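These notes are meant for a colleague who is opening this entry for the first time.

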Amino acid sequence: MSAPKFYGIRPPGIPNEPLPGRLIVIEGTDGVGRSTQIALLREWLESRGYAVVHTGFRRSDLASQGIQRAKRGHTLDPLTLSLFYATDFWDRLERHILPALRAGMIAMVDRYIFSLVARAILRGVPRDWLEDVYGIALVPDRVFYLDISVEQLLPRIINTTGLDYWESGQDYLRGPDLYNNYIEYQRALLAEYRSLAEEFGFQVIDGGQPIGTVFNALQAGVEEVIAGMTPPKGDETKLNPEDSPGVEDSARIDLA
Amino acid sequence: MSSARNYDSNKGVSMALRPNNYPGKLLIVEGIDGSGKSTQLDLLHKWLVSEGYLVVFTEWNSSPIVRATTRRGKQRRLLTPVSFSLIHAADFASRLYMQVIPALQAGAVVLADRYVYTAFARDRVRGLDREWLRRLYAFAVEPTVAFYFDVPLDEAITRILEGRPSLKFYEAGMDLALSRIPSESFRLFQGLIQNEYDHLANEYNMVRIDATLQLIDQQQLVRQIVGPYLEGAIRLEKTEIQDALMAHRLGGRYLEDMRLRQRSPK
């Protein structure tokens with residue numbers, strides 16, 4: 001256990017104390033299968049006695065409603081949206097993720113800062129600025145990136161949610177052709193993810209493979225990350241709410 | 001991030017804002033609560049309008065998109081130093097891109113009640129790194145003139161506490177746990193902010209106005225300083241409304257209110 005590491009400098013309000021938990025991040029574009037894999041990983045880890053907290057975008061008490069409202073409007077510049085998401089991110093880091101890590105739990109995060117960074121870069125927000133702002137982010141124990149090609153992605157999306165306004169870049173691409181905009185947007189987004197994967201050392205897993213195969217690859221990776229961790233179930237002190245005041249809250253959020 | 005710059009090596013380096021390359025002018029006021037800056041900006045506003053300038057007003061924490069979230073955070077006391085800082089930056093960005101920059105492009109005089117320096121001072125007091133704050137606001141446009149209304153702490157505190165039955169949690173800096181007594185916390189908080197402002201005023205060459213002077217004398221100074229910078233700002237041609245106001249010797253107070261409401265719907 002070492003002191004928490006941040007990409008930039010340690011933000012105020014975060015004690016420089018070791019965090020016994022593990023921060024595991026799953027990144028990837030919409031439709032790549034993140035939710036499915038996270039559901040499988042949670043069940044698997046919990047069956048082995050690990051306490052898992054799960055969080056994703058727009059789940060902060062503070063900013064989620066505001067972001068939803070803002071995205072319904074027509075006058076949202078990319079910088080404001082980025083800062084709105086950064087607020088949401090921070091609120092979740094401070095209220096969901098850090099208390100769980102302090103309590104020795106596994107925080108399973110469905111998209112961390114990288115999806116936010118990739119999307120913002122496509123919309124013209126300077127990379128340097130994003131990296132500065134997100135310097136407040138805790139460095140995860142591992143980032144798994146589920147990669148996929150647009151060709152593989154398309155049928156999945158058409159078959160499930162359909163083409164989404166934001167995920168097709170309709171807010172900044174020209175023209176009413178949702179299909180072609182989707183392809184153009186996702187191509188650029190995937191390229192951005194891959195460049196981030198290289199820069200920040202993600203473990204890349206081919207998300208185009210069958211669900212079971214992807215899961216096996218994730219399991220092997222997670223196994224490395226949790227090596228040396230004691231499952232908190234047998235350890236009374238770690239589950240004592242008085243010792244770790246974030247546990248109750250985190251557990252409740254997990255159920256929500 | 002791993003490729004990010006070394007923050008420590010940049011300590012003490014002043015970071016300039018983005019230069020204003022637009023035809024419009026950006027005039028901003030700063031100062032602790034009770035310094036009288038809003039009153040002075042309001043007087044300046046009326047004068048500029050009477051001189052025929054196209055004037056756009058914007059104030060801190062007023063973005064129609066972001067404000068509700070900030071309010072939620074304050075009411076429920078969800079805000080911590082970092083989220084407080086980020087949500088105010090979101091509010092600022094939203095107003096900059098929706099109100100300020102388009103107006104500057106059009107050649108207007110933009111008046112801002114509080115600007116990035118408010119964040120630099122308050123967020124620094126809340127423990128955020130000063131370099132990080134400057135990078136966070138690196139997208140802001142540099143003001144044409146930035147006024148700092150310098151007032152003795154005791155006078156400002158008296159002005160605020162006299163007119164107000166109770167202080168709000170974050171307004172009084174209660175989140176900093178400086179004191180359990182709101183008025184005492186407020187005093188300590190404002191003192192710390194004033195100290196930051198003092199440095200900022202030097203760092204960013206803000207124009208200091210002695211806020212203990214008579215209102216009218218302060219305003220005279222402000223207008224004298226602003227005058228030379230107005231060259232190039234567009235002036236509205238006399239309109240039918242202005243002709244009607246002149247003919248009937250009316251000031252157009254309520255028309256102005258109406259226009260303000262239209263610009264920033266409350």
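1. A residue is called buried if 20 or more other C-beta atoms lie within 10 Å of its own, exposed if 12 or fewer do, and partly exposed in between, with the C-beta atoms placed from the backbone. By that count A:Arg111, which has 19 C-beta neighbours inside 10 Å, is partly exposed. A:Arg111 sits in the loop between strand 3 (106-110) and helix 4 of chain A, and its phi is near 70°, a positive value in a residue other than glycine. Helices here are DSSP runs of H or I with at least four residues and strands are runs of E with at least two, numbered from the N terminus.

2. The model is predicted, so that local features need pLDDT of at least 70 and side-chain atom pairs count only at pLDDT 80 or more, while totals for chains, interfaces and linings use all residues. Residues are numbered from 1 along each chain as its sequence is written, and chains are lettered from A and ligands numbered from 1 in the order in which they are written.

3. B:Ala177 lies in the loop between helix 6 (153-162) and helix 7 (182-203) of chain B, and it is exposed, with 8 other C-beta atoms within 10 Å. As background, most residues other than glycine have a negative phi.

4. Chain B is built with 10 helices and 5 strands. Its radius of gyration, taken over C-alpha atoms, is 19 Å, close to the 18 Å that the globule rule (2.2 Å times the number of residues to the power 0.38) gives for 266 residues, so chain B is as compact as a globular protein of that length. Along the principal axes, the C-alpha atoms of chain B fill a box of roughly 60 × 50 × 35 Å, and 42% of its 266 residues count as buried.

5. Where the chains meet, the contact takes 33 residues from chain B and 33 residues from chain A, two residues being in contact if their C-beta atoms, placed from the backbone, lie within 7 Å. On the side of chain B that touches chain A, helix 2, helix 3 and helix 5 (130-136) of chain B each supply at least two residues, and helix 3 of chain B gives the most, with 11 residues.

6. Within chain B, helix 2 (residues 67-75) and helix 3 (residues 81-105) pack at an angle of about 160°, with their axes 9 Å apart. That angle makes the two helices of chain B roughly antiparallel (over 145 degrees). The contact is made by B:Arg67, B:Thr69, B:Thr70 and B:Gly73 of helix 2 and by B:Ser83, B:Ile87 and B:Asp91 of helix 3 of chain B.

7. In chain A, helix 4 (residues 114-122) and helix 7 (residues 178-200) pack at an angle of about 130°, with their axes 9 Å apart.

Key
Axes fitted to C-alpha atoms, helices over the stretch in contact; angles between N-to-C directions. Parallel < 35°, antiparallel > 145°, perpendicular 65-115°, else oblique.
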